[in-house]
Amino acid sequence: MGTVVLKLTKEKQETVISDFGRHQVSPPPYARFAARTTGCILTVYNSGKVMFQGQEAETVASRYGSPVAKKAASTASGSLPEGFANWSVVGSDEVGKGDFFGPLVVVAAYVDSTKIKLVRELGVRDSKNVSDPEIRTIARDLHAVIPYEYRILHNPDYNQMQRTMTQGKMTALLHNAALNGLLTQLEEPPQAILIDQFAEKATYYKHLSGETKQVKDNVYFSTKAEGLHVAVAAASILARAIFLKEMDKLSRQTGMEIPKGAGAKVDQVAASLLLKYGPERLQEWTKYHFANTKKAEALAEKRNRP
């Protein structure tokens, strides 16, 4: 799927609008016209730029002029097209990579351009600035408003996979699976997909080299992607809420409150669980290759000394 951006005169803009008037759809913010055909989605922005997307983008755009450089928001892997924050976008993010306890969770969430304002009004923003109780509340509201798909890699499977692959590859596989699952739900493809970057684009797709169904069309990568489109922020909040729910289950199973992260408090709780349940049970609840395991073993041994 290609993307072409043209800077057109008002006269040529009107020609485009006239040519595609019968295919008109609701335009996104900062645009005066949008149309969708089988092979092309086009948007006429107030700035005078016209964006063509789809398999026939280059063919259709060539009728009206030559491509121009896009104004873009900088990202770690390149740039985002003008007006990206107002597009209909699938955002994808993960939670749990740095937590000793609990699973790895990935969520892909779709925010249509017509729902961007509503999603923001629900309080969606960078999840690092949102308390856990508010995360749960916002996630419940989002569940009723936007489509999303999630994948959970529980620790027994994580530990098994970790023997033959890196955490980065596991994360890439989960992102790809969640994105595939979400795209099958949507009646129409999104304008773009934005993944909160945890690996370079080339590395990400190298991780997926063995997958027969790879999501590649209009995929962008960026660090701090939660601030570039609300869809990523929504995905992050939903992923965090799912992670918190899994941690609640773990606390009930173990009979003690399980802390997040991988700090000293985690080591103390892990040592207590090791003494109470043994290493096999601890392995079921943790990412066992973390350094916390050896720290917990040392603490448990120290507590056992007479």
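Predicted model: local features only at pLDDT ≥ 70, side-chain atom pairs only at ≥ 80, totals over all residues.
Asp248 and Arg136 form a salt bridge, with their closest N and O atoms 2.9 Å apart; the term requires a side-chain nitrogen of Lys or Arg within 4 Å of a carboxyl oxygen of Asp or Glu. Asp248 belongs to helix H8 and Arg136 to helix H4, so this pair ties together parts that are 112 residues apart in sequence. Helices here are DSSP runs of H or I with at least four residues, numbered from the N terminus. Asp248 is partly exposed, at a relative accessible area of 28%, and Arg136 is likewise partly exposed, at 29%. Buried means under 20% relative accessible area, exposed means over 50%, and partly exposed lies in between, with a 1.4 Å probe and protein chains only.

Residues are numbered from 1 along each chain as its sequence is written, and side-chain values use heavy atoms, leaving out hydrogens and water.

Helix H4, residues 132–143, also contributes Asp132. The side chain of Asp132 meets that of Lys260 in a salt bridge, at 3.0 Å from N to O. Lys260 lies in the loop between helix H8 (230–254) and H9, so the pair ties together parts that are 128 residues apart in sequence. Lys260 is partly exposed at 36% relative accessibility, and Asp132 is partly exposed at 23%.

Next, Lys97 and Glu94. Their salt bridge has its closest N and O atoms 3.4 Å apart. Lys97 counts as partly exposed, at 24% relative accessibility, whereas Glu94 counts as buried, at 11%. Across the whole structure, the search finds 10 salt bridges.

The axes of H9 (residues 264–277) and H11 (residues 292–304) come within 8 Å and cross at roughly 60°. Axes are lines fitted to C-alpha atoms, for helices over the stretch in contact, and angles run from 0 to 180 degrees between N-to-C directions. H9 is therefore oblique to H11; angles under 35 degrees count as roughly parallel, over 145 as roughly antiparallel, 65 to 115 as roughly perpendicular, and the rest as oblique.

Which residues make the contact? Among them are Val266, Ala270 and Leu274 of H9, and Lys295, Leu299 and Arg303 of H11, where contact means heavy atoms within 4.5 Å.

Note on methods:
Helix = DSSP H or I, 4+ residues; strand = E, 2+ residues; numbered from the N terminus.
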